[in-house]
Amino acid sequence: MSRKKIIYIFAIGITLILIALNIKIETDFRYPNTPNLEAIQNMNGYPLKVRISQEKLYGVKIAIIDSGIDGNQKNLTLNEIASSQRFGDKSHGTIIASVIGARECENLNFNGILPGITLYTYDIHSDTLNTETLSKAIDEVSHIGVDVINISLSTYKDTPSLKNSVEKAVNSGITIVASVGNDSSKQYSYPASYKIPGVISVGALDENLDAV
């Protein structure tokens, strides 16, 4: 997945998260020149106004279930719920986390949407990704009281256990933002394809703003 596709996915996803939270305090990201202004501009989200203050945004507990999250990144504040112990690619989940919460440091001239926010991460190695491990991850991050679970993973398989985990999470007040994928497949991706209130499905766009 290219960085631009990821950025487009999360430009949409984070905006939907803010709308879903619906806290009635308006923030204009242009004034003052906030640290996340550049990230908003890079994702074609400028000018953006949302009904939530910057201060309250940092009170939102966001969990990331992904594959390849590098817990040693100095520009990220991570609370690791589970970390893959295997060696391998640590780029995908790290990029997702960076788009949401990276803060500018000596080795990175970039701020995410919410620079420095603590992210609760659950790393599933790609070799072990299936409905069982995904269901377990949703259950475990739900138990720590997060407000939003971001899942940039998907499976074409629908199982009762996965659906049950999603239903339990949203019934406890959690919003799930899930990727439908970017491989142009006509197959249903889960958990994004569940028609469950509280699940927000997010697609991907290419450089020409065409769906992929």
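In this predicted model, Ser189 touches Ser154, Thr155, Tyr156, Ser179 and Val180, when its neighbours within four places in sequence are left aside. Ser189 belongs to the loop between β7 (175–179) and β8 (199–202). Buried or exposed, how does Ser189 count? Its relative accessibility is 4%, so Ser189 counts as buried, the cut-off being under 20%. A polar atom of the Ser189 side chain lies 3.0 Å from the backbone oxygen of Val180.

Ala178 stands opposite Ser201 in β8. Both strands are part of an open sheet of 6 strands, with parallel pairing and the order β4-β5-β3-β6-β7-β8. β4 and β8 are the edge strands; each has a single partner, so one side of each lacks a neighbour in the sheet. From one strand to the next, the twist averages 20°.

Helix α4 lies across β3, β5 and β6, and runs at about 160° to β3. The helix is mostly covered, with 8 of its 10 residues buried. Among them are Ile96, Val99 and Ile100, along with Gly93 and Gly101.

Helix α5 has 12 residues and spans 16 Å from its first C-alpha to its last, close to the 16 Å expected at 1.5 Å a residue. At the start of α5, a side-chain oxygen of Asn130 comes to within 3.0 Å of the backbone nitrogen of Glu132. Which residues of α5 are buried? They are Thr131, Leu134, Ser135, Ala137, Ile138, Val141 and Ser142. These residues cover an arc of only 160° around the axis, and therefore lie on the same side of α5. An α-helix has 3.6 residues a turn, so residues three or four places apart point the same way.

| Element packed against by buried residues of α5 | Residues |
|---|---|
| β3 | 62–66 |
| β4 | 77–82 |
| β5 | 118–123 |
| β6 | 148–151 |
| α6 | 160–171 |

Terms used. Residues are numbered from 1 along each chain as its sequence is written. This is a predicted model: local features need pLDDT of at least 70, side-chain atom pairs count only at pLDDT 80 or more; totals for chains, interfaces and linings use all residues. Side-chain values use heavy atoms; hydrogens and water are left out. Buried means under 20% relative accessible area, exposed over 50%, partly exposed in between (1.4 Å probe, protein chains only). Helices (H or I, at least four residues) and strands (E, at least two) are DSSP runs, numbered from the N terminus. The expected span of a helix is 1.5 Å times one less than its number of residues. The arc is that of the directions from the helix axis to the C-beta atoms. Contact means heavy atoms within 4.5 Å. A polar contact is a pair of N or O atoms within 3.5 Å; within protein, one must be able to donate a hydrogen and the other to accept it, and residues adjacent in sequence count only if both atoms are side-chain atoms. Two strands pair if DSSP finds at least two bridges between them. Axes are lines fitted to C-alpha atoms, for helices over the stretch in contact, and angles run from 0 to 180 degrees between N-to-C directions.
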